[in-house]
Amino acid sequence: MTVSVTLSFYIARQFTLAVMAMILSLTGLVSLFDFIDLLRRVATRPNVPTRLVSEIALLHIPYFTIEILPFGVLLGGIVCFWRLTRSSELIVARAAGISAWQFLTGPLACALLIGALATGVLSPLSSIMYRRAETLDHVYLRSGGPLNLADGALWIRQADQGLTPHGVAILHARNVHLRDGVLQISGISLFRLDEADRMIVRVEAPSGHLGDGEWVLDDTHTIRPDRLPVQVGRFTLPTDLTLTRVQESFASPDTLSVWALPGFIALLERSGFSSIRHRLHFQSLLTLPILAGTMALVAAGFSMRPTRRGGVARMVGGGVAAGFALFTLSKVAAQFGESGAMPPILAAWAPTGAGLCLAVSLLLHLEDG
C-alpha cells in the first residue's frame with residue numbers, strides 16, 4: 001500500500017508539472033496570436049496608443065487559460081504518461097501488481113483540483129479582467145458606445161447630434177422589462193453632453209420604451225444648468241439600437257464569474273430576457289473540474305500502451321484526435337443549447353459524460369484486456 005501511495009504521489013507530481021507547463025505554453029501561444037490580431041485592429045486607429053494593445057492582451061490571459069485548460073490537461077497528460085511508459089516506470093509498476101486505477105488516483109485528483117481552482121478562483125479573476133478588456137475594446141477599438149445591464153439598471157452611451165454635431169447621450173434606466181416584444185424602461189435619466197462631455201441638458205422621465213430607431217420617453221421634464229425644470233411631454237431620441245442588439249449587449253457570460261452568474265440569471269429572467277447563454281456558461285464552468293479529470297483519464301488511456309507493442313505514435317495521435325473530437329462535440333452541443341433545442345444542463349454535461357465513458361472504456365480495456 002505504501003508503494004502504491006508513493007508511486008501515486010510521484011506520478012501526480014510529474015503529471016502536474018507537465019500539465020502546468022502545457023497550459024502555460026498554450027496560453028502563451030494563444031495570447032501571442034491575440035496580440036497580433038489586436039495590433040492589426042489598432043493599426044487603422046492612429047489615435048489609439050500601442051500600450052493599450054498590450055494591456056488588453058494581458059487582460060485576456062486568464063480567459064484564455066480557462067478556455068484551453070482541458071487541452072492543457074489532455075496534452076500534458078499524454079506527454080507525462082508517454083514519458084513514464086517509455087522509461088518503463090509504469091510497466092514495472094503494473095508488473096509489480098499495482099493497478100492502473102491505483103497510480104492514476106493522484107493524477108486524477110490533481111486534474112480535478114486544477115479544474116476546481118479554475119472554476120472557483122480563476123473564473124472571478126478572469127471575469128474582472130475580461131470585463132475591463134471589453135470596456136477598453138468598446139471605447140477605443142469598436143464603433144458604438146458601451147451598453148451595460150447591472151443590478152437591474154440599464155446604462156447606454158451613444159452618439160447624439162441633436163444639439164451639437166459631436167454630442168453624446170447617456171441614458172440610465174433604473175428598471176428594464178421586456179413585455180410583448182417591447183423593451184420597457186422606467187426611472188429614466190438622460191444626459192445630453194457636448195463633445196467635451198459638458199452637460200447641455202438633462203431629461204427626466206418616469207417611463208419609456210425602445211421604438212423603431214428611437215427611444216420614446218413619456219411625460220418628460222428637461223433641466224438645464226441654472227434653469228428651472230420644464231415639462232416637455234413625449235420626447236424621442238434617435239438610436240441605432242435594436243431589441244436584439246440590446247439583449248446581446250447585456251453583460252457577456254464571459255464577464256461574469258461563477259459566483260455572480262446565478263444572480264444575473266435570476267435578474268434576466270425577472271426582466272423577461274432570455275438567460276440561455278448565461279445558464280449554459282454557468283453549467284460549463286461547473287463541468288470544468290469533471291472535464292479536466294476526464295481529459296486526464298483520456299490521456300492515460302491513449303498513452304500508457306507499452307512501447308514494445310509499437311503503434312505509439314498512432315495511440316498518441318488518437319488521444320489528441322479524441323480530445324478535439326470532444327471539443328467539437330461540446331461546441332455542437334452548445335449551439336443546440338443556445339438555440340433552445342437542448343436544455344443547457346444537458347448541452348454542458350453530455351459531452352463531458354461522453355468523454356468520461358470513453359476514458360473509462362479505454363482504461364478497462366488497457367487494464368483488463
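Student: Which side chain does Asp-137 meet in a salt bridge?
Tutor: Arg-41, at 2.7 Å, N to O. A salt bridge here is a side-chain nitrogen of Lys or Arg within 4 Å of a carboxyl oxygen of Asp or Glu. Asp-137 lies in helix H5 (residues 105–141) and Arg-41 in helix H1 (residues 2–42), so the pair ties together parts 96 residues apart in sequence. Helices are DSSP runs of H or I, at least four residues; strands are runs of E, at least two; numbering starts from the N terminus.

Student: What are the ground rules?
Tutor: This is a predicted model: local features need pLDDT of at least 70, side-chain atom pairs count only at pLDDT 80 or more, and totals for chains, interfaces and linings use all residues. Residues are numbered from 1 along each chain as its sequence is written, and side-chain values use heavy atoms, with hydrogens and water left out.

Student: Is Asp-137 buried or exposed?
Tutor: Buried, at 3% relative accessible area. Arg-41 is partly exposed, at 22%. Buried means under 20%, exposed over 50%, partly exposed in between (1.4 Å probe, protein chains only).

Student: How many salt bridges are there?
Tutor: Seven. One of them joins Arg-192 and Asp-160, with the closest N and O atoms 2.7 Å apart. Arg-192 is in strand E4 (residues 182–193), and Asp-160 is in the loop between strands E2 (153–159) and E3 (168–179). Both residues are buried.
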